[in-house]
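Here are some exercises to work through with the model open beside you. Try each task before you read its solution.

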Amino acid sequence: MAEESSPPPPVLEQAPPSPAMEKDKEDLAHPAPVEEAESQAVKEKEEHIHLPREKNEVTEKSAATNEEVAVVPESGKEKQVEEKKVPQTLVSFKEESNAVADLSDIEGRALEELKQLVQEALSSHQFSSAPPKKEEKQSASVIQETSKTEALVSDSDVGTEMKQSAETQESKVEKTTEKESQEVAKEEQKVASSSPDEVTIWGIPLLKDDRSDVVLLKFLRARDFKVKDAFVMIKNTIQWRRDFKIDELIDEDLGDDLEKVVFMHGYDREGHPVCYNVYGEFQNKELYQKTFSDEEKRSKFLRWRIQFLERSIRKLDFSPGGISTIFQVNDLKNAPGPGKKELRLATKQALFSLQDNYPEFVAKQVFINVPWWYLAFYTMMSPFMTQRTKSKFVYASPSKSAETLFKYISPEQVPIQYGGLSVDYCDCNPEFTIADPATDITVKPATKQTVEIIIYEKCILVWELRVVGWEVSYSAEFMPGS
């Protein structure tokens with residue numbers, strides 16, 4: 001089978017962006033690695049021409065009798081109107097190991113110190129709801145008894161009797177106060193002698209096994225291994241989860257209106273589950289108004305987004321060698337612009353909540369179809385993000401979005417709307433599944449590529465070819481061996 005590409009005319013695609021949430025003051029961040037696929041210099045007739053590559057996929061399936069091939073033609077000319085600068089970074093984030101043996105001496109000591117602080121907090125019930133203050137109880141008793149004294153005084157007819165009554169009531173107040181103090185002391189002693197609290201975060205108990213170490217390391221990395229800061233962050237997160245009623249939120253029915261806005265699909269090349277955030281869906285004015293028009297609706301959207309994240313996190317593997325982070329893809333094509341005040345407010349609110357309470361859950365944040373004006377939005381949001389978070393960001397303009405995705409995610413794992421080969425298995429598409437591997441091929445302008453499929457026995461060949469970006473013609477030819 002041979003594929004031939006003809007250089008198509010340059011086309012400029014523009015898409016407006018929208019914020020991506022995901023995370024933490026730690027995690028949901030910008031100068032990020034612009035790991036957009038870079039244009040290659042190709043010699044054509046002794047001239048150097050910069051060609052922004054657009055990947056076109058064909059899939060080569062080798063499942064006994066099935067074959068799939070992925071084709072990627074290079075564009076013929078560089079776009080005359082280059083999408084204006086998108087945020088870039090020279091430093092790319094690399095995930096660290098969660099195995100205790102792989103930690104440096106400083107990191108290992110920080111983990112042990114944090115575990116000790118957490119153990120002390122659990123033993124002294126610092127993570128529990130605070131009991132009513134002693135002073136409030138005592139003052140309430142004094143006020144109550146004093147009012148009784150005043151009532152008795154007003155009812156007395158004789159001065160001597162009033163004096164005796166007041167003295168009697170004062171002695172009662174003293175006895176009551178003393179009794180209250182003894183009861184409070186007994187309660188404190190009982191609490192001190194009781195078993196430590198069992199506190200869980202994301203379904204993982206603190207200080208129970210090596211999964212707990214992974215959880216604590218997330219907080220330590222979010223605070224640059226500053227133990228006290230990490231401990232404060234843990235306390236605040238536990239309190240926030242209690243106030244937000246996360247355990248109840250998990251099972252709450254918040255509807256399915258936003259299932260096309262945020263969804264999980266496939267895995268990246270390193271095994272991280274991939275979450276797609278499709279902000280172009282908010283071009284639907286009815287959906288936009290229903291989601292962001294007032295504070296109550298924005299609050300519901302935040303609860304829905306946190307519920308989605310919580311459910312996704314609980315499917316992760318928190319063992320030291322497991323996958324405990326998510327690969328985020330943020331599609332900004334046709335997304336509402338920064339002029340949408342309601343969307344800005346919702347994004348900022350989500351950013352604070354996620355960064356503060358969901359540290360280190362993003363393996364990579366890839367923004368695709370980034371429009372030229374996104375730089376303004378990025379500049380506005382960047383101060384609210386940590387440098388570590390920014391290092392996880394990757395940006396791709398519309399012409400390089402498919403190529404950038406395929407750099408991190410295999411074509412068979414990418415949804416068809418992004419140029420991939422992943423479709424839901426059904427009777428109309430019975431041949432290929434997400435488990436069947438695909439091969440991608442780059443076809444340069446005015447060139448041919450030959451894909452050979454060697455057959456050793458009589459069989460039926462089935463293949464699927466998908467082109468991303470430019471036109472590619474192909475034909476199949478049977479060539480019998482000697």
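Of the 482 residues in the protein, 47% are buried (under 20% relative accessible area with a 1.4 Å probe and protein chains only; exposed is over 50%, and partly exposed lies in between). This is a predicted model, in which local features need pLDDT of at least 70 and side-chain atom pairs count only at pLDDT 80 or more, while totals for chains, interfaces and linings use all residues. Residues are numbered from 1 along each chain as its sequence is written, and side-chain values use heavy atoms, leaving out hydrogens and water.

**Exercise 1.** Find which residues of helix 5 are buried, and what covers them.

*Solution.* Step one is to locate the helix: helix 5 covers residues 227-244 (helices are DSSP runs of H or I with at least four residues, strands are E runs with at least two, both numbered from the N terminus). Its 18 residues reach 25 Å from first to last C-alpha, close to the 26 Å expected (1.5 Å times one less than the number of residues). Step two is to pick out the buried positions, among them V227, F231, I234, I238 and R241. An α-helix has 3.6 residues a turn, so residues three or four places apart point the same way. Step three is to look at the cover, which includes helix 1 (105-123), helix 4 (210-222) and helix 8 (295-313); contact means heavy atoms within 4.5 Å. Just past the helix, K245 has a positive phi of about 55 degrees.

**Exercise 2.** Identify the salt-bridge partner of R241, and say whether R241 is buried or exposed.

*Solution.* Begin with the partner: R241 pairs with E310, with 2.5 Å between the closest N and O atoms (a salt bridge is a side-chain nitrogen of Lys or Arg within 4 Å of a carboxyl oxygen of Asp or Glu). This pair joins helix 5 to helix 8 across 69 residues. Next, check accessibility: R241 counts as buried because its relative accessible area is 8%, and E310 is buried at 0%. Finally, widen the view: R241, D247, E310 and R314 form a network of salt bridges.

**Exercise 3.** Compare the accessibility of the partners in the R303–E252 and K392–E360 salt bridges.

*Solution.* Take R303 and E252, whose closest N and O atoms are 2.8 Å apart. R303 is partly exposed because its relative accessibility is 22%, and E252 is partly exposed at 30%. Now turn to K392 and E360, which meet at 3.2 Å, N to O. Both K392 and E360 are buried.
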